[in-house]
Amino acid sequence: MIRTLLPLFAGALAALGQAPFDLLPALIAGLSAVIWLTATAPRPWVAARRAWLGGTGYFAVSLSWIVEPFMIEPEIYGWMAPFALVFMAAGLALFWGLAGWLALRLRGGIWAVAAALALTDLLRSYVLTGFPWGMAAQATVDWPVYQLAQYIGPHGVNLLVLLFCATLAYVLASWRSIPAFGLSVAAALALLWPMPDVQVATDAPIVRVLQPNAAQAEKWLPGNAQKFFDRQLDFSAVPAPEAPALVVWPETAVPFLLERAGLALAQISLSAGDAHSLVGIQHSDDWGRWYNSAALVTPEGEVSDLYDKHHLVPFGEYMPVRWLFRWLDIAGLAANDSSGYWPGPGPQVIPVPGVGKVLPLICYEAIFPQDILQSPERPDLLVQITNDAWFGTFSGPYQHLAQARMRAIETGLPMVRSANTGVSAVIAPNGQVMQQIALGQDGFIDVRLPAAKPAPIYSQTGDWSALVLILGIFWMGVRFRGNISVDAERAAS
């Protein structure tokens, strides 16, 4: 029984590489074990089962924050929490199971298993609107290896991590360990170069980032909405030696619909002085459709640009198969009514005087690098506004921050992140957090923006370069299995 469940335990161990644990050795050890157990399976269906169990353990631990939204109103949604975690973990693990089956069905070796896992992680980033959260590469954002994402993207780095784990498993278990060990050490040393410096000009614009710390269970209680709104007005109005060019408020920070927010907009502009303000707000149209939006408020109190979130959260901001869930009397957790939000037309660049071209990202949108690459033009700055109060106070907010840092590295752009309860931060193009507000605190920071880097290769090729690399490694793992694989018979001997 223990041997049967070993992949489950190995996957759970690997998840400790993700924030807030950040135990990279645990990630490497756990993934190495999952890959080894999958590669040494006697039959494809056994490989699929082992990989699926590994994925289930991995996602159950790394995505444990998924229960948090259901506990905001536990009397209504609490019963769904364990089902959500189990179905999410087991469902995402199907991609790992597919990888195990595919690699063994085509008689691939241990490197084919690693490449197949990278391939199915790429697939889950797109299938059914996609969910790329929690890839192995996410755990390496603090390490120089992730700087390669500007060339091969997150999925290319994910492949490198998985290949390293496969090589380590091979080194530890194969009598042909000397060549593989030398290769793996050389690869590791080649990837550990110094982190690039952060360049900040003395005359670069300053951005003020607000964090009101409004717990989701308290945010909309009578009297609280105005209290948190006033808190942000006060933060925005604090004088500084050098006035900011842009003040950034978090997602849904304005507790009024845009069409009824004339007085609120005047207060926002008055508090910001000569600065523009990018604020999270909701609005509706003549058809009764609601939008989760970011509005750019001028110093005169006018809305010069409005961006509507286009990549919505399934079950949180809209309900797939709406008729079925309406019949079951189950509404979305974050929906304003039974119909939820309506998606906007797509990425939108907003010009901000004194700052440049800004690409707004609302919450969930920052986990999708492919969406950022669909921007109509290259921006000068990424701005994420989010309400991570939905993700609890343990792992979710820190993992979301890690993904924001990934986007900065991949695009070579600075990232400003305003989170309702944290972690708010200004991130350099190399992923370094220049300044932040801790989770669960209220306050603001004024940070001078670092310069954007030249457009990296990944911004031109997207995920195609990673796909070609993954398929090439997979083909080699199948083609040369007889020479460099670890088979079940050898493992048993």
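Visitor: Which strands does helix H10 lie across?
Guide: Helix H10, residues 224-237, lies across S1, S2 (246-248) and S12. Keep in mind that this is a predicted model.

Visitor: And what angle does H10 make with S1?
Guide: H10 runs at about 155 degrees to S1.

Visitor: What is the order of the strands in the sheet with S1 and S12?
Guide: The order is S5-S4-S3-S2-S1-S12. That is an open sheet of 6 strands, and the pairing is mixed.

Visitor: Do S1 and S12 run parallel or antiparallel, and how many bridges join them?
Guide: Strand S1, residues 206-211, runs antiparallel to S12, and 6 bridges join the two. As an example, Arg208 has Asp446 in S12 as its bridge partner.

Visitor: Okay, new topic. How many helices and strands are there in the protein?
Guide: The protein has 18 helices and 12 strands. Of its 493 residues, 55% are buried.

Visitor: What about the order S6-S7-S8-S9-S10-S11, what kind of sheet is that?
Guide: That is an open sheet of 6 strands with mixed pairing. Its edge strands are S6 (350-352) and S11 (433-437), and each pairs on one side only. The twist there averages 20 degrees from one strand to the next.

Visitor: In which sense do S8 and S9 pair?
Guide: S8 (residues 381-386) and S9 (residues 415-419) pair in the parallel sense, over 5 bridges. Within that pairing, Val383 stands opposite Val416 in S9.

Visitor: Which strands does H14 touch on that sheet?
Guide: H14 packs on the sheet and touches S8, S9, S10 (424-427) and S11. The direction of H14 makes about 160 degrees with that of S9.

Visitor: How do the axes of H7 and H14 cross?
Guide: The axes of H7 (residues 149-173) and H14 (residues 396-411) come within 8 Å and cross at roughly 140 degrees.

Visitor: Last one: what does the accessible surface of the protein come to?
Guide: About 20,500 Å², and 65% of that belongs to carbon and sulfur atoms.

Note on methods: Residues are numbered from 1 along each chain as its sequence is written. This is a predicted model: local features need pLDDT of at least 70, side-chain atom pairs count only at pLDDT 80 or more; totals for chains, interfaces and linings use all residues. Side-chain values use heavy atoms; hydrogens and water are left out. Two strands pair if DSSP finds at least two bridges between them. Helices (H or I, at least four residues) and strands (E, at least two) are DSSP runs, numbered from the N terminus. Contact means heavy atoms within 4.5 Å. Axes are lines fitted to C-alpha atoms, for helices over the stretch in contact, and angles run from 0 to 180 degrees between N-to-C directions. Buried means under 20% relative accessible area, exposed over 50%, partly exposed in between (1.4 Å probe, protein chains only). Accessible areas come from the Shrake-Rupley method with a 1.4 Å probe; for residues, only the protein chains shown count as cover.
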